[in-house]
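Please keep the sequence and the three-dimensional view at hand while reading.

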Amino acid sequence: MSSYFDEHDCEPTDPEEQYRQNALLELARSLMQGLDVDFGFPDAPEWDQRLPPPAAKVSVQGLQLVVISPQQADKGLKCPVCLLEFEEQETVREMPCKHLFHSGCILPWLGKTNSCPLCRFELVTDDPEYEEFKKDKDRRRQREHRLEDLHGAMYT
Ligand SMILES: [Zn+2]
Ligand SMILES: [Zn+2]
């Protein structure tokens with residue numbers, strides 16, 4: 001039988017990536033337990049230095065509600081935040097990245113920041129400044145890719 005991670009194709013391979021992922025999940029757990037989590041570096045000039053703003057209400061409301069099937073329950077599918085196994089017939093939230101969470105685990109999180117705590121898939125925010133930054137980052141990334149290609153072409 002294939003593992004949860006094989007199936008979702010999201011096993012972190014890079015240790016640093018794994019560390020960041022665990023840090024996010026830790027934060028999400030603290031939130032779920034009602035702890036007041038400090039999200040921040042409010043004075044950091046760059047979004048790179050802080051967590052993105054909350055998910056837009058519409059994008060949260062648009063999340064699919066999924067009923068856990070007997071097969072999923074049999075596989076011992078767990079909520080990544082609280083690590084409790086989902087029960088058959090339980091209604092849970094599905095992020096666009098297909099990760100499943102209890103409403104009570106993911107909603108407080110999305111009220112703080114817009115990304116999946118497991119894979120950092122980002123929901124839309126209603127922060128115009130951040131949305132602009134995101135577009136900008138995509139453009140920068142594309143430019144870097146082109147440069148890498150060029151570099152590759154020159155040295156191979
Ligand atoms: Zn949970
Ligand atoms: Zn995800």
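The 4 donor atoms around the zinc ion (ligand 2) subtend angles of 104 to 114 degrees, so their arrangement is tetrahedral. Four donors receive this label if all angles lie between 85 and 135 degrees. For comparison, the ideal angle for four tetrahedral donors is 109.5 degrees. The atoms in question are C97 (SG), H99 (ND1), C116 (SG) and C119 (SG), which coordinate the zinc ion (ligand 2) at 1.8 to 2.3 Å. Donors are N, O and S atoms within 2.8 Å of the metal (3.2 Å for Na, K and Ca); water is not among the atoms, so sites may look incomplete.

Along the chain, the donors of the zinc ion (ligand 2) follow the spacing C-x1-H-x16-C-x2-C. C97 and H99 are both buried. Buried means under 20% relative accessible area, exposed means over 50%, and partly exposed lies in between (1.4 Å probe, protein chains only).

## Basis of the model

The model is predicted: local features need pLDDT of at least 70, side-chain atom pairs count only at pLDDT 80 or more, and totals for chains, interfaces and linings use all residues. Residues are numbered from 1 along each chain as its sequence is written, chains are lettered from A and ligands numbered from 1 in the order in which they are written, and side-chain values use heavy atoms, with hydrogens and water left out.

## The first zinc site

C105 counts as buried because its relative accessibility is 4%.

## Overall fold

The protein chain contains 6 helices and 3 strands. Their pattern along the sequence is α-α-α-β-α-β-β-α-α. Helices (H or I, at least four residues) and strands (E, at least two) are DSSP runs, numbered from the N terminus.

Of the 156 residues of the protein chain, 35% count as buried. Among contacts between residues at least 6 apart in sequence, 54% join residues at least 24 apart. A contact means heavy atoms within 4.5 Å.

## The sheet

The strands form an open sheet of 3 strands in the order β1-β2-β3, with antiparallel pairing. β1 and β3 stand at the edges, each with a single partner strand, so one side of each has no neighbour in the sheet. Two strands pair if DSSP finds at least two bridges between them.

Strand β1 (residues 64-67) pairs with strand β2 (residues 91-94) over 4 bridges, and V67 stands opposite T91 in β2. Between β2 and strand β3 (residues 100-101) there are 2 bridges. In β3, L100 is the bridge partner of E94, and F101 is that of R93. The hairpin of β2 and β3 has 5 residues between the strands, and there K98 takes a positive phi near 80 degrees.

## Helix α2

Helix α2 (residues 15-32) has 18 residues, which at 1.5 Å a residue should span 26 Å; its end C-alpha atoms are 25 Å apart, which agrees. The expected span is 1.5 Å times one less than the number of residues. Buried residues of α2 include L24, L25, L27 and A28, and the buried residues of this helix pack against α5 (103-110).

D14 caps the N-terminal end of α2, with a side-chain oxygen 3.1 Å from the backbone nitrogen of E16. This is a polar contact, meaning a pair of N or O atoms within 3.5 Å; within protein, one must be able to donate a hydrogen and the other to accept it, and residues adjacent in sequence count only if both atoms are side-chain atoms. After α2 comes G34, whose phi is positive, near 80 degrees.

## Individual residues

L83 is not a glycine, yet has a positive phi of about 65 degrees. L83 sits in the loop between α4 and β2 and is partly exposed, with a relative accessible area of 49%.

K134 belongs to helix α6 (residues 128-155) and counts as buried at 18% relative accessibility. Leaving aside its neighbours within four places in sequence, K134 is in contact with E122 and L123.

Definitions and conventions: Four donors count as tetrahedral if all angles lie between 85 and 135 degrees; four count as square planar and six as octahedral if opposite donors are over 155 degrees apart and all others between 65 and 115; anything else is irregular.
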